[in-house]
Amino acid sequence: MADDYLVRIGKLIRDARQHRGWTQSQLAEALNTSQSAVNRIERGNQNISLEMIARIGEALDSEIVSLGYAGPMHLRVVGGRRLSGSIDVKTSKNACVALLCASLLNKGRTVLRRVARIEEVYRLLEVLNSIGVRTRWINDGVDLEIVPPARLDMDAMDAEAARRTRSIIMFLGPLLHRLDHFRLPYAGGCDLGTRTIEPHMIALRRFGLDIAATEGLYHAEVARDVTPDRPIVLTERGDTVTENALLAAARSAGTTVIRNASSNYMVQDLCFFLEALGVEVEGIGTTTLTVHGVPTIDVDVDYSPSEDPVEAMSLLAAAVVTESELTVKRVPIEFLEIELAVLEEMGLDHDRTPEYAADNGRTRLIDLTVRPSKLEAPIDKIHPMPFPGLNIDNVPFFAAIAAAAQGKTLIHDWVYDNRAIYLTDLNRLGGRLQLLDPHRVLVEGPTRWRAAEMMCPPALRPAVVVLLAMMAAEGTSVLRNVYVINRGYEDLAERLNSVGAQIETFRDI
């Protein structure tokens with residue numbers, strides 16, 4: 001029992017340290033102890049006094065480090081408040097996790113600018129650190145430096161962290177160039193129903209990767225004499241599938257053609273990053289990518305991932321459901337044009353600035369001001385399509401927006417097995433959503449939102465949709481166990497508070 005508490009305390013300390021943006025060495029210096037002692041504490045392998053716990057809490061300025069197990073994080077929302085002012089869009093969560101995986105291609109030093117400080121990134125960093133990759137937050141915790149070892153220690157992989165993220169599947173592409181055989185835990189992440197990895201396997205077999213799945217592990221073997229001899233046609237135009245194929249092709253000698261590729265925002269960011277590594281990629285933004293591989297990559301690279309269009313959609317939706325005037329800055333317009341076209345037809349009152357370039361020099365940004373609007377339900381159903389269609393991850397936000405509009409809106413979320421079901425949680429807050437089948441939901445508005453206490457849906461975007469509805473509901477709501485939101489958003493509650501929301505973070509002690 002004592003060992004169990006040491007492990008729990010160690011994890012709390014580790015999470016608080018990473019949230020502060022400190023390395024183990026920086027914490028050790030503040031405590032006047034050694035980095036190895038901090039490492040033992042975080043792993044639960046060292047007895048720790050109450051005095052030391054208090055010193056660590058003071059050093060990290062964190063309430064998370066406490067005398068007991070803090071339990072899951074919850075949000076208390078005082079709704080019915082109008083938002084105002086301006087808010088910046090953070091860098092793309094999905095681009096950042098792809099670039100973390102892509103850093104394994106490089107023998108040199110990788111610096112990623114303004115990396116999203118989210119749980120998904122932390123889990124991947126834990127995995128990378130456990131296999132020998134050195135990472136540290138630099139420039140006051142804003143940017144991330146990544147330095148790989150000469151040899152990866154796959155036997156030391158943090159399997160628990162790996163299982164908590166679906167992004168681990170994107171280790172396959174880079175690792176097949178570094179190891180003849182290796183193991184990876186099954187991919188985790190959101191609970192969105194069965195999501196097969198077979199499309200990944202179909203693409204990666206062309207590079208000599210063979211996978212056997214047993215007892216929670218993927219067992220990988222690589223045949224070095226196998227290379228693509230004709231274009232690779234992806235059986236699913238998925239983002240991570242395309243990224244894995246790109247990662248495999250980047251260090252494969254010769255030219256690889258990838259057809260039916262996703263051209264979504266995170267794929268484009270990955271292509272730009274590969275170009276910074278010296279890999280030529282033709283057809284960026286189209287469904288046919290031609291990759292001129294470089295067998296060895298050893299460069300020091302500095303790259304700025306672009307802003308997140310799904311976060312931008314989240315903030316836009318927050319303004320709509322709370323009937324607020326809000327300026328959302330650094331919006332990647334290329335990846336929100338369809339969404340805005342639909343909203344214009346619904347009656348959204350908004351202005352946009354001229355376009356300007358993101359820090360990567362390639363992605364087009366605008367600043368978008370949204371004003372209170374009388375919305376009408378769209379004539380056609382809301383449904384996602386691969387880019388340049390309406391983004392799959394933006395569909396759930398239309399459930400909250402449609403609930404604020406006059407009339408009935410049909411939402412057809414055909415991609416995921418469960419997500420439409422989770423959207424019906426809005427009924428607990430006064431919504432009128434009728435589930436027609438596991439993929440289709442009929443939303444009737446306008447809605448008189450009401451406060452409620454409820455558990456957070458286990459999928460990221462529906463969870464945020466529920467939070468937005470709570471912000472619109474008069475009274476005090478409670479959203480319990482919001483880890484899934486922290487997987488994809490950095491300090492969302494605090495940032496919404498900065499523009500007028502009233503959201504309090506708390507834990508059960």
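Which residues touch the most other members of the largest nonpolar core? I looked this up in a predicted model.

**Entry: the largest core**

I found 153 residues in the largest nonpolar core. Phe-171, Phe-182, Leu-184, Leu-479 and Ile-485 touch the most other members. I then checked the domains. Domain 2 (73–90 + 307–507) and domain 3 (93–303) both give residues, so the core lies between them. I noted a general rule beside this. In soluble globular proteins, nonpolar side chains tend to be buried together.

**Entry: Leu-184**

I picked Leu-184 from the list of core residues that touch the most other members. What does Leu-184 touch, leaving out residues up to four places away in sequence? I listed Met-154, Met-157, Ile-168, Phe-171, Leu-172, Leu-175, Gly-216, Leu-217 and Tyr-218.

**Entry: another core**

I also found a core of 16 residues, apart from the largest one. Among its residues are Leu-6, Ala-16, Ile-41 and Met-52.

**Entry: Glu-145**

I moved on to Glu-145, which sits in strand S5, residues 143–147. Is Glu-145 buried or exposed? Its relative accessibility is 8%, so I count Glu-145 as buried, the cut-off being under 20%.

I looked for side-chain partners. The side chains of Glu-145 and Arg-109 are joined by a polar contact of 2.4 Å. Another polar contact, of 2.6 Å, links the side chain of Glu-145 to that of Arg-136. Beyond four places in sequence, Glu-145 is in contact with Arg-109, Thr-110, Val-111, Arg-134, Thr-135, Arg-136 and Ile-138.

Definitions and conventions. Residues numbered from 1 in each chain as written. Predicted model: local features only at pLDDT ≥ 70, side-chain atom pairs only at ≥ 80, totals over all residues. Heavy atoms only, no water. Core = buried A, V, L, I, M, F, W, Y, C linked by side-chain atoms within 4.5 Å. Buried < 20%, exposed > 50% of the residue type's maximum accessible area, 1.4 Å probe, protein only. Domains from an automatic or database assignment. Contact = heavy atoms within 4.5 Å. Helix = DSSP H or I, 4+ residues; strand = E, 2+ residues; numbered from the N terminus. Polar contact = N/O pair within 3.5 Å; in protein donor to acceptor, adjacent residues only side chain to side chain.
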